[in-house]
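Open the model in your viewer and follow the stops below. Have residue selection ready.

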Amino acid sequence: MSASSETPSSNPASANTASSSDLVQGTLEMLILKTLGLAPMHGYGVAVRIEQISDGVFRVNPGSLLPALSRMERAGHVKSEWRATENNRRAKYYMLTARGRKALVTETDQWHRQIAAIAKILEA
């Protein structure tokens, strides 16, 4: 799963390292699940919410977000419906399903185990 920032790092010294806004491989769907667990929203709203909650550390590229939402819908983790936005435009709103809530718990538990393992390695 590709999930990177909208803009590459402009610091030449960090050209060979990930920018602070790059998502760790495999985390985009977990972040989407968590975000949709807060409230149903359209794709742009998901991207904005992730950026807001992460204090601007993560910016989700629409080229990564929309395919992830489609995969998640096919997997039954989210469902969608067309609604009017606050600006009276039509947008596809996504909601978490029961299967999506279970996937969020599983992925969150797995993420916490990975974080603990990485911390042990870094402390070695």
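Start with helix 1 and helix 2: they pack at an angle of about 100°, with their axes 10 Å apart. That makes helix 1 roughly perpendicular to helix 2 (65 to 115 degrees counts as such). Axes are lines fitted to C-alpha atoms, for helices over the stretch in contact, and angles run from 0 to 180 degrees between N-to-C directions. Helices (H or I, at least four residues) and strands (E, at least two) are DSSP runs, numbered from the N terminus.

This is a predicted model: local features need pLDDT of at least 70, side-chain atom pairs count only at pLDDT 80 or more, and totals for chains, interfaces and linings use all residues. Numbering starts from 1 along each chain as its sequence is written, and side-chain values use heavy atoms, without hydrogens and water.

Now select Leu31, Ile32, Thr35, Leu36 and Leu38 in helix 1. They meet Val46, Arg49, Ile50 and Ile53 of helix 2 (contact means heavy atoms within 4.5 Å).

Next, the sheet. Which order do its 3 strands take? The order is 1-3-2, in an open sheet with antiparallel pairing (two strands pair if DSSP finds at least two bridges between them). Strand 1 (41-42) and strand 2 (78-84) stand at the edges with a single partner strand each, so one side of each lacks a neighbour in the sheet. Helix 1 (residues 28-38) packs on the sheet and touches strand 1, strand 2 and strand 3. Select strand 3 (residues 90-96): 7 bridges join strand 2 to it. Val78 has Leu96 as its bridge partner there.

Finish at Leu65. Among the residues that Leu65 touches are Leu28, Ile32 and Val46.

Definitions and conventions:
Angles under 35 degrees count as roughly parallel, over 145 as roughly antiparallel, 65 to 115 as roughly perpendicular and the rest as oblique. Lists of a residue's contacts leave out its neighbours within four places in sequence.
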